[in-house]
Amino acid sequence: MIYISIIIGCILGAIIGMNAPVISYTYSSYLAIAIIAALDTVFGGITSVLNKNFDLKIFLSGFFGNAILSIALTYLGERLNVDIYLAAVVVFVGRMFTNLAIIRRHYVDKWTNKFEQMSLKMKEVNATEKKEAK
Amino acid sequence: MKEKNIAIMLGIMCFLLTVGICIQMKTVTSNAFRMGKTYAENELRNNVLKWKEKYDVAYEKLETKEARLEKLRETASTSSESSENIKSELEKNNMALGYTEVIGKGITITLKDGENVSNRLDVASSLVHDADLIEVINALKNAGAEAISINGERIVDKTAITCAGNIIKINNEKVGVPFVINAIGLPEKLYGALKMQGGYISKLKEDGVFVEITQQNSITIPKYNGVYKFQYAKVAE
């Protein structure tokens with residue numbers, strides 16, 4: 001359900017984004033940092049769904065708060081001639097990897113449990129078949 | 001119900017995300033073209049510098065060859081006593097053509113664009129134009145200057161002084177302000193000719209051009225770097 005809606009959103013976004021106008025180059029660095037923040041939020045959202053502690057308020061406030069803070073940092077860095085946005089990128093990408101690890105573990109555990117159960121069932125079936133054969 | 005809400009929320013988020021990514025990608029690719037343009041410009045600039053270096057090397061070679069030619073001429077002329085006259089004649093001709101560096105007393109004129117131009121009606125008149133240089137040189141020649149140079153460019157009879165935007169071209173070399181005109185001749189005569197009432201220098205000063213004239217005891221004027229070519233003119237019988 002969640003993944004289907006994500007895929008639909010991505011496809012719709014790609015179609016509309018292809019026809020969207022080009023923004024001026026000066027603002028593209030801000031958009032880039034906002035994209036990284038949004039990516040981080042999406043991964044965080046999927047993780048919280050898997051952990052069953054998803055909260056819409058936290059999700060939305062996290063998205064806008066992160067994006068605005070990172071854009072403000074980029075602006076400040078431009079004024080001070082320091083690439084502060086790199087710090088935001090490092091933090092967001094680091095969190096993305098952490099969230100991805102959590103998601104991966106969740107599904108790996110799920111599938112290994114499934115396989116184990118299947119193999120257990122198979123063993124039981126085999127055992128009963130052998131008993132019946134005897 | 002709750003899962004549905006979450007799914008819709010995440011879908012909207014992903015939608016915004018992909019829109020942003022697409023716009024960003026388009027912006028970056030459209031600006032890569034602009035970057036390529038500056039890259040091409042840099043390449044051209046590099047090429048110009050390379051060619052200039054090549055030119056300098058070639059010119060140095062030419063100079064050494066010329067020095068050798070001079071030596072050969074000297075040995076050729078000194079080998080026989082009768083050719084002593086020819087040698088002096090040759091030297092004289094070379095001097096007249098501007099092919100030798102000359103030294104002597106004379107005057108130095110510095111022309112600069114006027115500075116406080118704000119209170120003038122015609123700002124352009126306080127700049128140094130090609131015509132101003134031509135007039136000054138004409139006046140110097142009239143006063144009997146034997147050799148003239150502007151910013152190291154020897155003025156010979158083939159010299160053209162033309163305007164090329166905000167610079168002036170002399171002997172096809174670019175020359176900019178301040179213009180330092182060196183002239184060899186009797187300093188008092190040259191000075192007097194330029195300072196004459198109603199002369200061109202006084203007109204320049206009225207227009208707001210910065211003019212400075214100093215008499216010198218010893219001025220060195222470089223030689224002419226060009227070549228005399230006669231393609232259509234022939235010696236008449």
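## The largest nonpolar core

In this predicted model, the largest nonpolar core holds 27 residues, and those that touch the most other members are B:Ile109, B:Leu111, B:Leu133, B:Val136, B:Leu140, B:Ile150 and B:Ile181. Two or more residues of this core come from each of the following elements of chain B: the strands β1 (102–112), β2 (147–150), β5 (167–170), β7 (179–184) and β8 (210–221), together with the helices α3 (130–142), α4 (187–195) and α5 (200–207). The largest share belongs to α3(B), which gives 4 residues. In soluble globular proteins, nonpolar side chains tend to be buried together.

What does B:Leu140 touch, if residues up to four places away in sequence are not counted? Its contacts are B:Ile107, B:Ile109, B:Ala145, B:Ile148, B:Ile181, B:Ala183, B:Leu190 and B:Leu194. Two of these partners, B:Ile109 and B:Ile181, are also named among the core residues that touch the most other members.

## Chain B as a whole

Chain B contains 5 helices and 8 strands, and when these elements are read from the N terminus on, their order is α-α-β-α-β-β-β-β-β-β-α-α-β. Among the contacts in chain B that link residues at least 6 apart in sequence, 75% are between residues at least 24 apart.

The radius of gyration of chain B is 31 Å, whereas a compact globule of 237 residues would have a value near 18 Å. Taken along the principal axes, the box filled by the C-alpha atoms of chain B is roughly 120 × 55 × 40 Å.

Of the 237 residues in chain B, 31% count as buried. The accessible surface of this chain comes to about 16200 Å², and carbon and sulfur atoms account for 56% of that area.

## A buried threonine in chain A

Turning to chain A, A:Thr47 is part of helix α2, which spans residues 25–51. Why does A:Thr47 count as buried? The reason is that its relative accessibility is 4%, and the cut-off for a buried residue is under 20%. Leaving aside residues up to four places away in sequence, A:Thr47 touches A:Asn99, A:Ile102 and A:Ile103.

Key:
Residues numbered from 1 in each chain as written. Chains lettered and ligands numbered in written order. Predicted model: local features only at pLDDT ≥ 70, side-chain atom pairs only at ≥ 80, totals over all residues. Heavy atoms only, no water. Buried < 20%, exposed > 50% of the residue type's maximum accessible area, 1.4 Å probe, protein only. Contact = heavy atoms within 4.5 Å. Rg over C-alpha atoms; globule rule 2.2 N^0.38 Å. Areas by Shrake-Rupley, 256 points an atom, 1.4 Å probe, with all protein chains shown as cover. Core = buried A, V, L, I, M, F, W, Y, C linked by side-chain atoms within 4.5 Å.
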